[in-house]
Amino acid sequence: MTQPDQHALSPTDAATIAINQRMNKFDGHEQVWLFGYGSLIYKADFPYIERRPASIEGWTRRFWQGSHDHRGTPMAPGRVATIVPQAGAVCDGMAYLITPEVFAHLDHREKNGYLRLATDITFDDGSKVEGLVYIANEENAAFLGAATELDIARQIARSNGPSGPNSEYLLHLARALRELGKSDPHVFAIEQHLAQMQAQDNAHDSTATPSGA
């Protein structure tokens, strides 16, 4: 696990990290369950003790958060997943049992507006445990808010950041959810729009007259 680079943090990112570091809900715990619903499902770049499919109730996944540091830039942010409250909803994902030492890495990874929140996590066998999740709510500076799934796909299609194309994030997440045997109409609709746009672009490229012909 790479150590977080605290240099060149924006004031907003530094403030987010500081808020998360003040969370004392799990102080004294040797192990804590972490719930992931976005890239944490498929990209665990941190040590963990155990990994289990899980879900949280009352939340739904939405591509409403801007990404200025991973899948976009400050001038052209991408769109990544957060979760928003929704009565009766269930958000499927992956839970990791970690030690508190991992928080420094996670706080830095999620510094673009994500705050720790205590939550009940339900495993596939029906058992529950209190753990935490990182949520980017509408009060953070990077929040982009609701948009149609077509408009979200258009923004994702043109966005790139230090971690790679925004489209890669979406496709990895959709694939990971399918591998878990879970459905997410919002994610899959954006994926379908993106695929249609890419198919149209490929068709246009194949029919274009080559330069110099």
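Is T16 buried or exposed? T16 counts as buried because its relative accessibility is 7%, where buried means under 20% relative accessible area, exposed over 50% and partly exposed in between, with a 1.4 Å probe and protein chains only. The model is predicted, so local features need pLDDT of at least 70 and side-chain atom pairs count only at pLDDT 80 or more, while totals for chains, interfaces and linings use all residues. Residues are numbered from 1 along each chain as its sequence is written, and side-chain values use heavy atoms, with hydrogens and water left out.

**View 1. T16 and I17 in helix α1.**
Helix α1 holds T16 and also I17, and spans residues 11-21. Helices (H or I, at least four residues) and strands (E, at least two) are DSSP runs, numbered from the N terminus. Apart from neighbours within four places in sequence, T16 is in contact with E110, K111, G113, Y114 and L115; contact means heavy atoms within 4.5 Å. I17 counts as buried because its relative accessibility is 4%. The C-alpha atoms of I17 and H108 are 6.6 Å apart, although 91 residues separate the two along the chain.

**View 2. Strand β1 between β3 and β5.**
Strand β1 (residues 32-36) pairs with β5 in the parallel sense over 2 bridges, and with β3 in the antiparallel sense over 5 bridges. Two strands pair if DSSP finds at least two bridges between them. F35 has V133 of β5 as its bridge partner, and G36 has M94 of β3. In a regular strand the side chains alternate between the two faces of the sheet. On one side of β1, V32, L34 and G36 are buried, and on the other W33 and F35 are buried. Because 5 of the 5 residues of β1 are buried, the strand is largely enclosed by the rest of the structure.

**View 3. A95 in strand β3.**
A95 lies in β3. A95 counts as buried because its relative accessibility is 0%. Not counting residues up to four places away in sequence, A95 touches W33, L34, F35, E50, R51, R52, A54, I121 and F123.

**View 4. The hairpin of β4 and β5.**
Strand β4 (residues 115-123) runs antiparallel to β5, and 8 bridges join the two. I121 stands opposite V129 of β5. Between the two strands of the hairpin are 4 residues, and G126 in the turn has a positive phi of about 95°.

Helix α5 (residues 166-179) has 14 residues and reaches 20 Å from its first C-alpha to its last, close to the 20 Å expected at 1.5 Å a residue; the expected span is 1.5 Å times one less than the number of residues. Its buried residues are N166, S167, Y169, L170, L173, A174, A176 and L177. G181 follows α5 and has a positive phi, near 75°.
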